[in-house]
Amino acid sequence: MTSKYDPAYIRDYFERWGEREWQRLDVGPADRVSFHLHRWHLERYIKPGDRILEVGAGPGRFTIELAKLGATITVGDISPVQLELNRRYVQEAGHEQSVVTREVLDMVDLSRFPSESYDAVVCYGGPLSYVFDRADDAISEMLRVTKPGGFLLLSVMSLVGSARALLPEILAIRHQIGLDLVNQVNTTGDLYGEAAVSGHICHMYRWSELEALLKRHAGTIVAASASNFLSIRHEEALREIESDPVTWQALLQWEVDYCREPGALDGGTHMIAVMQRG
């Protein structure tokens, strides 16, 4: 059976994508909401002195946050270009002393790292969405290198939430790729082949699928959340309140509360999950 996972393609995609990966979480207020939800979970499961393996670290948005929390980080990414951007941005932020090393790595094979060597593994931004049918291998490896009682924090692209956020664009693209391909993506979650008109290939998850994936492995799901819910496609309203600190903080708290409701887990552009290794 041929795997859809093509590590060389993913590496080359992020080589070309370059600095836009740094900008992605700060394009507009809705992106900053998503960043807040990711950071909120870090603050609850990462403590000072923790040794962290960051998988798919990209240019360092979350590397910097982990450093602020007092962790030491082994930074990994499939793209050497992203690792160099990580070095630059982390240095500019004044947190390079928190980075132990940077390594080019493929998340489905972490054999260079001893078992039970990290207090937590952080895999934010959707790296798991790129390995397609190798997701079990990736989860197994990330849990293997986590200490018993430690945490795996991850986020993946959400199928339902992305469809909700991008519905006008999806309806428009049906003229280019055909409704059958649109239906195929909505059924399988695979943005792949002819359907990936932008060149961005990935697997988008439903919560039921992500939950089943995690439950196949030794550990307990201790937290689950959408990365945004109320804020999707409300950029104008968000821009009006972002300069009002009191209202903006209230909105962020609403998002934290609502995004963890069972009925909202599928409703964001990404889903966040935290698993504790047994």
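**Local features of the predicted model**

Glu-116 is placed in the loop between β3 (99-104) and β4 (118-123). Helices (H or I, at least four residues) and strands (E, at least two) are DSSP runs, numbered from the N terminus. The model is predicted: local features need pLDDT of at least 70, side-chain atom pairs count only at pLDDT 80 or more, and totals for chains, interfaces and linings use all residues. Residues are numbered from 1 along each chain as its sequence is written, and side-chain values use heavy atoms, with hydrogens and water left out.

Glu-116 is not a glycine, yet its phi is positive, about 55°. Its relative accessible area is 41%, so Glu-116 is partly exposed. Here buried means under 20% relative accessible area, exposed means over 50%, and partly exposed lies in between (1.4 Å probe, protein chains only). Phe-132 is another residue other than glycine with a positive phi, near 50°. Phe-132 lies in the loop between β4 and α6 (135-144). With 8% relative accessibility, Phe-132 counts as buried.

Helix α4 spans residues 61-68 and is mostly covered, with seven of its eight residues buried. The buried residues are Arg-61, Phe-62, Thr-63, Ile-64, Glu-65, Leu-66 and Ala-67. Gly-70 follows α4 and has a positive phi, near 90°.

Helix α3 (residues 29-45) packs against helix α11 (residues 235-242) at an angle of about 75°, and the axes are 8 Å apart. Axes are lines fitted to C-alpha atoms, for helices over the stretch in contact, and angles run from 0 to 180 degrees between N-to-C directions. The angle makes α3 roughly perpendicular to α11. Angles of 65 to 115 degrees count as roughly perpendicular, under 35 as roughly parallel, over 145 as roughly antiparallel and the rest as oblique. On α3, Pro-29, Ala-30 and Arg-32 make the contact; on α11, Glu-235, Leu-238, Arg-239 and Glu-242 do. Contact means heavy atoms within 4.5 Å. By class, three of the contact residues are nonpolar, none is polar and four are charged. Ala, Val, Leu, Ile, Met, Phe, Trp, Tyr, Cys and Pro count as nonpolar, Asp, Glu, Lys and Arg as charged, and the others, Gly among them, as polar.

His-36 is also found in α3. This residue is buried, at 15% relative accessible area. Neighbours within four places in sequence aside, His-36 contacts Leu-252 and Val-256.

Arg-11 belongs to helix α1 (residues 7-17). Its relative accessible area is 32%, so Arg-11 is partly exposed. Arg-11 touches Ile-78, Ser-79 and Pro-80, residues up to four places away in sequence not counted. Arg-11 and Ile-78 are 67 residues apart along the chain, but 5.6 Å separates their C-alpha atoms.

Nine aromatic pairs occur in the structure. In one of them, Tyr-13 and Phe-14 have ring centres 5.2 Å apart and planes at 85°, so the pair is edge-to-face. Rings of Phe, Tyr and Trp (its six-membered ring) pair if their centres lie within 6.5 Å; planes under 30 degrees apart count as stacked, over 60 as edge-to-face and the rest as tilted. Tyr-13 and Phe-14 are both buried. Ring pairs join Tyr-13, Phe-14, Trp-17 and Tyr-130 in a cluster.

Charges also sit over rings. The charged end of Arg-51 is over the ring of Tyr-118, 5.0 Å from its centre. Arg-88 lies over the face of Tyr-89, 4.6 Å from the ring centre. The criterion is NZ of Lys or CZ of Arg within 6 Å of the ring centre and within 35 degrees of the ring normal.
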